[in-house]
Amino acid sequence: GNAAMRGIIPRAVEQVLSQAALMQSQRWTFTIKASFLEIYNEDLRDLLVNVNADGSTKARDSRSAAKLSIKRTAEGKSYVDGINMVDID
């Protein structure tokens, strides 16, 4: 939507990137990666399935829509196995 009607995701991303820019100006170094996931009727869908790590797009095929699953590390942290992660500049 427009500036007044933007959703929570665009506003949250803007805040994170604004804070990242401030920290970089203070000589912090870090990497930001992102994924975009839809959960609907207990099905997980990778919304970045058509995006390469460099931000370019690729053709969709049935092999790229692999079954995703939520897993836990030995430390108890949750993650989505097989989801695409893209670097944020």
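**Reading the model**

Modeller: From the N terminus on, the elements run α-β-β-β-β-β-β, that is, one helix and six strands. The model is a predicted one, and where pLDDT is low, the predicted coordinates should not be read in detail.

Biologist: What is the mean pLDDT of the chain, and which element has the lowest mean value?

Modeller: The mean pLDDT of the chain is 86, with 87% of the residues reaching 70 or more. Among the elements, S6 has the lowest mean, at 89, whereas strand S4 (residues 69-72) has the highest, at 95.

Biologist: How much of the chain is buried, and what share of its accessible surface belongs to carbon and sulfur atoms?

Modeller: Of the 89 residues in the chain, 10% are buried, and carbon and sulfur atoms account for 53% of an accessible surface of about 7500 Å². As for contacts with a separation of 6 or more, 42% of them are between residues 24 or more positions apart.

Biologist: Which residues line the second largest pocket?

Modeller: The lining consists of Val 13, Val 16, Leu 17, Ile 32, Lys 33, Ala 34, Ser 35, Phe 36, Leu 48, Val 86 and Ile 88, and the elements that give two or more residues to this lining are helix H1 (8-25), strand S1 (32-34) and strand S6 (86-88). By class, the lining has nine nonpolar residues, one polar and one charged, and the space in the pocket is about 170 Å³.

Biologist: Where does Met 85 lie, and which residues does Met 85 touch beyond those up to four places away in sequence?

Modeller: Met 85 lies in the loop between strand S5 (78-81) and S6, and, leaving out residues up to four places away in sequence, Met 85 touches Lys 33, Ala 34 and Ser 35. The C-alpha atoms of Met 85 and Phe 36 are 8.3 Å apart, although 49 residues separate the two along the chain. Met 85 counts as partly exposed because its relative accessible area, 42%, falls between the limits of 20% and 50%.

Biologist: Are Arg 27 and Asn 41 buried or exposed?

Modeller: Arg 27 is exposed, with a relative accessible area of 78%, and Asn 41 is exposed as well, with 62%.

Technical notes
Residues are numbered from 1 along each chain as its sequence is written. This is a predicted model: local features need pLDDT of at least 70, side-chain atom pairs count only at pLDDT 80 or more; totals for chains, interfaces and linings use all residues. Side-chain values use heavy atoms; hydrogens and water are left out. On a 1 Å grid over the protein atoms alone, a cavity is a set of points where a 1.4 Å probe fits but cannot get out, and a pocket is an open set with protein on both sides within 12 Å along at least five of seven lines; lining residues have an atom within 4 Å of a point. Grid points are joined across faces, edges and corners, and a volume is the space filled by probe spheres set on the points. Ala, Val, Leu, Ile, Met, Phe, Trp, Tyr, Cys and Pro count as nonpolar, Asp, Glu, Lys and Arg as charged, and the others, Gly among them, as polar. pLDDT is the predictor's confidence in each residue, from 0 to 100. Buried means under 20% relative accessible area, exposed over 50%, partly exposed in between (1.4 Å probe, protein chains only). Contact means heavy atoms within 4.5 Å. Accessible areas come from the Shrake-Rupley method with a 1.4 Å probe; for residues, only the protein chains shown count as cover.
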